[in-house]
Amino acid sequence: MENEMKIRAETLNRFIDMHTVSVRCSGDTAHAAAAARGASIPRRLTLVLGLSIFFIFFTGPAAATHCQSSPATGLDWSGCNKSRIMLGNANLEGANLSSANFTQTDLRSANLKSANLQKTKLVRASLAGANAEKANFARVEGHRASFVGMAAEGASFANAELQRADFSDAGLTGANFEKAELGRAKFAGAKLKDTRFSFANLARAGFSGAIIEGPIAFDRSILFLTRFEGVDLSAATGLLQAQIDIACGNSATKLPPGLSIPTTWPCGFD
């Protein structure tokens, strides 16, 4: 580290010396006259450029040092680019992965328990079979991400962008999807209990085959053409008839007391 700092300091000094010589040796008469009237200008320019080089040399590489660490519990990969790499079975329990880029990354069967993935990019990433209990996925960008079979009990997906994400067979007891974008997301076989979809956009999402083991909240959620064929919604809370009227189900769908099956069921799809 000492040698690296010395090399960087010498590089900075050489840059300043070269810039000073270039200013003094300029053959431009007008420029020389201007320099004579305000000699402080080139000095200020040298100082500004020098400080810029100093910042690049001394803070740039240092700021990325934490991104070079190997997977480990509690590590800090915040803001790091980890896209398109293999991290299957990695132990990242309690890790800070906020604002990192995991686009198309393989995180299958990874340990993400209690990890912070807030604002992380998970576009087309695979977290199939991962353990993400109590993990924070708030505000993630996870279009077409795979969460198949993931254990996400108590996890938060609040305000997340999860269009076409696949949560099939996932454990989602106590999970929070408030205000999440879940258009065309899949929940077939997912275990739902105390799961919150309040204010979420579930347009064309598929719940057919989901296992609802307790109350789930749908207050003010968008259920346009949401698929509930054969789903037991009798324990669902916050549902209004207006939401059911634009959703899709069939005669096997069970509704909470006070709600009735629309005459438009079953829905026709192309």
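Visitor: Where does Ala132 lie in the chain?
Guide: In this predicted model, Ala132 sits in the loop between α3 (40-63) and β1 (191-192).

Visitor: What makes Ala132 count as buried?
Guide: Buried means under 20% relative accessible area. Ala132 has 0% relative accessibility, so Ala132 counts as buried.

Visitor: Which residues is Ala132 in contact with, leaving aside its neighbours within four places in sequence?
Guide: A contact requires heavy atoms within 4.5 Å. By that test Ala132 touches Leu112, Lys113, Phe137, Met150, Ala151, Ala152 and Ala155. A further distance concerns Gly171, 39 residues away along the chain: its C-alpha atom and that of Ala132 are separated by 9.6 Å.

Visitor: Why is the pair Asp106 and Arg108 called a salt bridge?
Guide: The cut-off is a side-chain nitrogen of Lys or Arg within 4 Å of a carboxyl oxygen of Asp or Glu. For Asp106 and Arg108 the closest N and O atoms are 2.8 Å apart, so the pair meets the definition. In general, side chains of opposite charge can pair when their charged atoms come close.

Visitor: Are the two partners, Asp106 and Arg108, buried or partly exposed?
Guide: Asp106 has a relative accessible area of 9%, so Asp106 is buried. Arg108 has 43%, which lies between the limits of 20% and 50%, so Arg108 is partly exposed.

Visitor: How many salt bridges does the structure hold?
Guide: The structure holds 3 salt bridges. One of them joins the side chains of Arg196 and Glu178, at 3.5 Å from N to O.

Visitor: Why does the pair of Arg196 and Glu178 tie together parts that are apart in sequence?
Guide: Arg196 belongs to strand β2 (residues 195-196), while Glu178 is in the loop between α3 and β1, so the bridge links parts 18 residues apart in sequence. Arg196 is partly exposed because its relative accessibility is 32%. Glu178, at 29%, is partly exposed as well.

Visitor: How do you know that Arg227 and Glu229 meet in a salt bridge?
Guide: Their N to O distance is 2.7 Å, and the limit is 4 Å. Arg227 has 29% relative accessibility and therefore counts as partly exposed. Glu229, with a relative accessible area of 17%, falls under the 20% limit, so Glu229 is buried.

Visitor: Which residues form a nonpolar patch on the surface?
Guide: Ile222, Phe224 and Ile246 form the patch, and together they have about 250 Å² of accessible area. Phe224 is found in the loop between β4 (216-217) and α4 (241-246).

Visitor: What is the pattern of the chain, read along the sequence?
Guide: The pattern is α-α-α-β-β-β-β-α, with 4 helices and 4 strands. Of the 270 residues, 41% count as buried. The chain exposes about 13900 Å², and carbon and sulfur atoms supply 54% of that area.

Visitor: What is the mean pLDDT of the chain, the predictor's confidence?
Guide: The mean is 85, and 76% of the residues reach 70 or more. Over residues 18-41 the pLDDT is below 50, and this stretch has 8 contacts beyond near neighbours in sequence. Residues 45-63 also have pLDDT below 50, with 20 such contacts in the model.

Key. Residues are numbered from 1 along each chain as its sequence is written. This is a predicted model: local features need pLDDT of at least 70, side-chain atom pairs count only at pLDDT 80 or more; totals for chains, interfaces and linings use all residues. Side-chain values use heavy atoms; hydrogens and water are left out. Helices (H or I, at least four residues) and strands (E, at least two) are DSSP runs, numbered from the N terminus. Buried means under 20% relative accessible area, exposed over 50%, partly exposed in between (1.4 Å probe, protein chains only). Accessible areas come from the Shrake-Rupley method with a 1.4 Å probe; for residues, only the protein chains shown count as cover. Patches are made of residues with over 30% relative accessible area and no salt bridge: like charges are joined within 9 Å, nonpolar side chains (Val, Leu, Ile, Met, Phe, Trp, Tyr) within 5 Å. pLDDT is the predictor's confidence in each residue, from 0 to 100.
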